[in-house]
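Biologist: Please take a close look at the ligand site. I want its contacts and surroundings.

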Amino acid sequence: MEIKNVGVLGCGLMGSGIAQVAARAGYPTVVREVSQDLLDKGLKRIEGFLKKGVEKGKVTREEMAKAQGNIKGTLKLEDLAGSDIVIEAIVEDLDIKNEVLQTIDGICPQKTIFATNTSSLTVTAMARATRRPERVIGLHFFNPVPLMKLVEVVRTILTDENAFQAAFRFVKSLGKEPIAAKDNSGFIVNLLLVPYLLDAIRALEHGVASVEDIDKGMQLGCGYPMGPLTLLDFVGLDTTCRIANIMFEEYRETRYAPPPLLRKMVLAGYYGRKSGKGFYDYSGENPVPSDFLVLGR
Ligand code: NAD
């Protein structure tokens, strides 16, 4: 089971990063979005990331051109027919993911491995939606994908060992560090990280401290590279809220329940960096805590 061609579903925050690292590792990569506008935005994100790499002397111009040459953007699911592995990185919604997986199940040959980048959904529920449950695994990348080394490789009780090992080798070939996890909601990292992030929001809700001091506290007190509220803005508050709901539904433990403030911010369209406002406001030169949090409204 050798992986030579890669398909990626979704060219958002994660999909664009996954397509980029696959292309950088030399794999011909096809990435699919739902509209030309979103596809262009995703491909621009890849170009911007590679350009920064060139400016920092980490990527040569030739390497950048080669990586971009390896990526083909498309709106057609049929263009993923030649992929040995298809990695889905679309919205965190089981029905939407299953619908797309069922469609490509009829397009890709039986040998193609399907991988999901889900943060919190049960991989088994996606495996069962296809006619290849033994070749459906989890590949959980971290944000920003080009910089973060870790990938959780997830096997279900239905997974074929050869498919799992092929995916494990594939992750290594991307220059990433794979770890093996079982199919439990949140796998290893989110199981521990999500309650911590939600607790940071609860601390803010309870008026324990300001946005900046909560972040500074965990950064300087625990040696974390960034505070939890900054991290939440990176992850996306809409995505975090979906993840929290899914994990709460799965475990029925209140520590996974999305706090009211998070739900309200998502309802208001404050998704974090991607929308320009979250716990911080990104409209100026430097991020500042969002006005409604400073005023305590
Ligand atoms: P995002 O909103 O940035 O991107 C999702 C993209 O999928 C959007 O551009 C959307 O247009 C596209 N899409 C929707 N339906 C599609 C379809 N049928 N075919 C192709 N594209 C489609 O979200 P994201 O942060 O990239 O998250 C994607 C997945 O990765 C989710 O499952 C999420 O839980 C997971 N994840 C996210 C992070 C993170 O830090 N944001 C980290 C690890 C895993």
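Which residue has a polar backbone atom 3.0 Å from an oxygen atom of the ligand?

Modeller: Leu13 does. First, the basis. This is a predicted model: local features need pLDDT of at least 70, side-chain atom pairs count only at pLDDT 80 or more, and totals for chains, interfaces and linings use all residues. Residues are numbered from 1 along each chain as its sequence is written, and side-chain values use heavy atoms, without hydrogens and water.

Now the polar contacts (N or O atom pairs within 3.5 Å). Besides Leu13 at 3.0 Å, Ile90 places a backbone N or O atom 3.3 Å from a ligand oxygen. Glu33 uses its side chain: a polar atom there is 2.4 Å from an oxygen of the ligand. Of the 830 Å² of accessible area that the ligand has on its own, the protein covers 87% (Shrake-Rupley method, 1.4 Å probe).

The shell holds 22 residues, and Glu33 is among the closest, with Arg32, Glu92, Lys97 and Ser119. Nine shell residues are nonpolar, eight polar and five charged. Here Asp, Glu, Lys and Arg are charged; Ala, Val, Leu, Ile, Met, Phe, Trp, Tyr, Cys and Pro are nonpolar; the others, Gly among them, are polar.

Where do they come from? Helices α1 (13-24) and α4 (94-105) and strand β6 (136-141) each give at least two. These are DSSP runs, numbered from the N terminus: helices H or I of at least four residues, strands E of at least two. Domain 1 (6-182) and domain 2 (191-289) each supply at least three shell residues, with bounds from an automatic or database assignment.

Technical notes. Near = heavy atom within 4 Å. Polar contact = N/O pair within 3.5 Å; in protein donor to acceptor, adjacent residues only side chain to side chain.
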